[in-house]
Amino acid sequence: MPILIAGLMLYARFKKVETYNVFVKGAKGSINLVLGIFPFIVAIMVMVALMRASGITDMLIRLLSPIFNALGIPTEVSELVLLRPFTGSGSYAILKDIYTTYGVDTYVGRCASVIMGTSETLFYVATVYFSQTSVKKLSYAIPLALICNIFGTIIACLICRVL
Amino acid sequence: MNKIWAFLMLLSTLLLLIKNPSALVTEMTESAMGVINLCVELVAVYAIWLGILEIVDKTGLSEKLARLLSPLIKFLFKTTDPEITKMIAMNISSNMLGVGNAATPCGIRAMQLMDDKSGKATPAMIMLLVVNATSIQLLPTTTIGLRTAAGSASPTDIMIPTLVATFLTACFGISLTLLIQRVFKRRKKKSYQTT
């Protein structure tokens with residue numbers, strides 16, 4: 001990444017772009033962008049917090065881990081798989097827990113690392129991406145993307161057994 | 001989204017009423033405060049990446065990237081609009097390099113441009129969501145950082161498995177989406193013919 005940015009700066013110099021002015025112009029959009037998505041993030045995060053506090057999350061984990069097991073997903077990573085669609089920072093906290101509890105270089109540790117790549121904070125991304133549009137009906141978007149993420153998790157667990 | 005949110009909120013509130021009613025408001029307030037912290041961070045991070053993206057744009061690099069990816073984008077999103085193509089191209093490439101924070105502003109912009117004001121997600125919008133959800137990861141930067149911090153013997157050891165797994169997931173996601181969209185289109189055509 002540092003090489004890419006250095007390269008970009010050099011190329012911009014070469015193209016005679018006024019980097020400072022252009023950078024400031026772009027950066028100006030940041031506050032408005034975040035202001036626009038803020039209420040949507042609050043709604044999703046409050047929901048996640050209440051789900052955790054009320055024990056729905058634990059219930060879901062208990063309910064789903066046999067199914068996950070049948071699909072080849074180890075129980076140790078089920079909490080990660082379950083919370084990943086909702087929260088990015090939360091799932092990184094769980095990933096850290098997995099590293100300290102089960103070890104980084106073990107099967108579970110590696111499996112969890114790859115799952116972070118194949119899955120996405122889906123509800124967060126969907127909320128934020130659609131927040132600035134007229135879209136009220138997502139039709140089949142969420143279930144479809146969820147199926148893709150579950151497929152990704154299964155593949156991740158399989159590949160970590162081989163590679 | 002409305003139904004999911006309403007259902008989960010109602011269920012958690014009811015459960016909390018039985019278990020621990022006093023926790024309800026505290027939990028809500030605390031999580032909203034957490035969002036403030038997150039958003040302050042996001043303002044800073046997006047400022048950096050929006051600034052850099054603007055430079056990328058002004059140097060003409062984004063146009064080059066868009067031209068490079070335009071056959072793929074035309075196939076997946078059925079669009080040749082230069083502005084949309086550019087935004088999707090930047091969104092996809094940022095995601096692949098593991099800079100989600102640069103990908104998000106481009107994704108939001110692309111969604112706005114593809115919006116047809118009908119209130120319903122168009123096939124292209126759904127495709128963009130799936131492409132983002134299943135993105136190929138060349139450099140899983142954050143995960144490698146966390147592995148290093150946790151004292152891994154070889155933090156980059158997961159790069160190849162991640163690449164293979166995300167590649168397969170992306171192929172699966174894109175084909176499934178194309179398949180579903182084709183079925184929907186055919187069904188619509190049929191109902192149009194019969195009426």
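How many residues of chain B are in contact with chain A? Hi everyone, the answer is 76, and they meet 74 residues of chain A. In contact means that the C-beta atoms of two residues, placed from the backbone, lie within 7 Å.

A quick note on the source. This is a predicted model, where local features need pLDDT of at least 70 and side-chain atom pairs count only at pLDDT 80 or more, while totals for chains, interfaces and linings use all residues. Residues are numbered from 1 along each chain as its sequence is written, and chains are lettered from A and ligands numbered from 1 in the order in which they are written.

Back to the side of chain B that touches chain A. Its largest share, 22 residues, comes from α2(B). Helices here are DSSP runs (H or I, at least four residues), numbered from the N terminus, and strands are E runs of at least two. That side divides into 44 nonpolar, 23 polar and nine charged residues. Nonpolar covers Ala, Val, Leu, Ile, Met, Phe, Trp, Tyr, Cys and Pro; charged covers Asp, Glu, Lys and Arg; the others, Gly among them, are polar.

Residues taking part include Leu122(A) and Tyr129(A) of α8(A), and Leu129(B) of α6(B). Six residues of this contact are nonpolar, one is polar and none is charged.

Finally, chain A by itself. It has nine helices and zero strands. Of its 163 residues, 44% count as buried, meaning that 20 or more other C-beta atoms, placed from the backbone, lie within 10 Å of a residue's own. The C-alpha trace spans about 60 × 40 × 30 Å along its principal axes.

Methods: Buried ≥ 20, exposed ≤ 12 C-beta atoms within 10 Å, placed from the backbone.
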